[in-house]
Amino acid sequence: MNTLALIAFALWALFMRYLPKIMEFIKLKRWSDSLPGPTVGELIENAKKGQILTWLKELRQKHGSTFRIWFGKDLLVFFTDPEDVKQLLGNNNLLYKSSNYKVIQPWLGSGLLTNGGESWHSRRKLLTPAFHFRILSEFKEPMEENCKIMIRRLQEKANVKEFDIYPYITLFALDVICETAMGIKKNAQMQSESEYVRAVQDICHILHKRSFSFWQRNNVFFKYTEPGRQMVAALQILHGETNRVIKLRRKMLQDSKIHNMQDAEKSIDDIGTKKRFAFLDMLLISQMEGLPLSDTEIREEVDTFMFEGHDTTSSAIGFAIYLLSQHADVQQQAYEEAASLEGREKESMPYLEAVIKETLRLYPSVPFYSRSVKEDMDVGKLKVPKGCSVSILSYVVHRDEKYFPEPEKFKPSRFFKNDKDLHPFSFVAFSAGPRNCIGQKFAMLELKSSLSALLRNFEFLPVEGFQPNPLAELVMKSGNGIRIRMKPRN
């Protein structure tokens, strides 16, 4: 009898513990019935097809600018009207990422991408100086050096035969981010089979796949599965390397007698030139100056910069090259600007910047991003309850015919400064508001430097019948690569 009583009490305690969540779920379920959206069966069917983005566009046409989707037990409300987007991104209380970002926490921990609330706000305040444009300008040299390596590797492909350029781009971006984030040369372009390069590629592939797998996302035993064991092995390599480099760079700073930013400003290397500092160095110097950053927190931010600065930039460069190969007139104008401003990519490059923005309009590196609603909130005429998540569907926001006539056409002229018809929140490739992309100036500098160098060396030619297959993963990629043809310029 006592055993039965204990079991009954344990079940009752368990029920009472989860009762608030049960009541919240019931409330969400009732509220969601008032919103249009697909069934779970439709979601599973379209996820299997791998055409989620096309399907989301169809849902926008069918249900209007706001609709909901149940991802298992998680309710996600999608917004595509720029006025609603303005209200969401400008909300200083909407600072927590949604639960679907948990899949990348094993790698990034509580870094700037996954963190939320006051913890995020204080970390953002600490990190902002490290992205000052004066400091970013020091990163231009490693960008250019690694781009020269990519160009040398691509020269053998400049024979007018078609090939997939994406593997070359992603290794270039990995080399750049290793050097600018951690201050180390990984030579990924020359040693693509190295343990570290494979670990970065493996973890990105596993996390992308897991984010869209109901079974993998909700499996508490995931780390014991084959993909889970691969993830653990990759993380040991990645975290181990970042921890090793933190110790290495700290010793370098100590040996150079650098204890604060003033020392860094005055530092000169062995050949009499000013030393170049990586993102990690800035964090270590800030730590020495007394800012409350632990080594674990530094590692989380460096790993976050590695993830966001590698995949997103690769995606943008790849899709830009595809679009340039399809539009000879646009490519010619971009080439002429790149030729006339060689070495001055830190300055304004109006045409190339418009090309980049139009590329990101059609193929935003992050096709949608989501926030967790912690308190009931009003969005337009809709009262969104606590417990659900809201998502800005940038892929569809960017295709609003009201602001972008003929939205599927590639027209960089949309982004010339004299165009007053654009809604300020109709283009949100870098997000906006308090949680906007902290690294967008870094990204634009890398995109301008790499694309202008490639344009000066090669002419991109189309491959007949090829169209990229954009996939809605953590970062948008083309499922069938980026196939082009090239020939060398004079």
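The model is predicted, so local features need pLDDT of at least 70, side-chain atom pairs count only at pLDDT 80 or more, and totals for chains, interfaces and linings use all residues. Residues are numbered from 1 along each chain as its sequence is written, and side-chain values use heavy atoms, without hydrogens and water.

**Helix pair**

Select 328-340 (α16) and 440-457 (α19). Helices here are DSSP runs of H or I with at least four residues; strands are runs of E with at least two. The two axes lie 9 Å apart, at about 105 degrees. α16 and α19 are therefore roughly perpendicular (65 to 115 degrees). Now show the contact residues (heavy atoms within 4.5 Å). α16 brings Gln331, Ala334, Tyr335, Ala338 and Ala339. α19 brings Ser452, Leu455 and Arg456.

**Helix α6**

Move to 117-127. Which residues of α6 are buried (under 20% relative accessible area, 1.4 Å probe, protein chains only)? They are Gly117, Trp120, Arg123, Arg124 and Leu127. Their arc around the axis is only 110 degrees, which puts them on the same side of α6. The arc is taken from the directions from the helix axis to the C-beta atoms.

**Sheet**

Finish at the open sheet of 4 strands, ordered β1-β2-β7-β4 with mixed pairing. Strands pair if DSSP finds at least two bridges between them. β1 (66-71) and β4 (369-372) are the edges; each has a single partner strand, so one side of each lacks a neighbour in the sheet. Select β4 with β7 (389-392): they pair antiparallel over 4 bridges. Ser372 stands opposite Ser389 in β7.

Definitions and conventions: Axes are lines fitted to C-alpha atoms, for helices over the stretch in contact, and angles run from 0 to 180 degrees between N-to-C directions. Angles under 35 degrees count as roughly parallel, over 145 as roughly antiparallel, 65 to 115 as roughly perpendicular and the rest as oblique. Buried means under 20% relative accessible area, exposed over 50%, partly exposed in between (1.4 Å probe, protein chains only).
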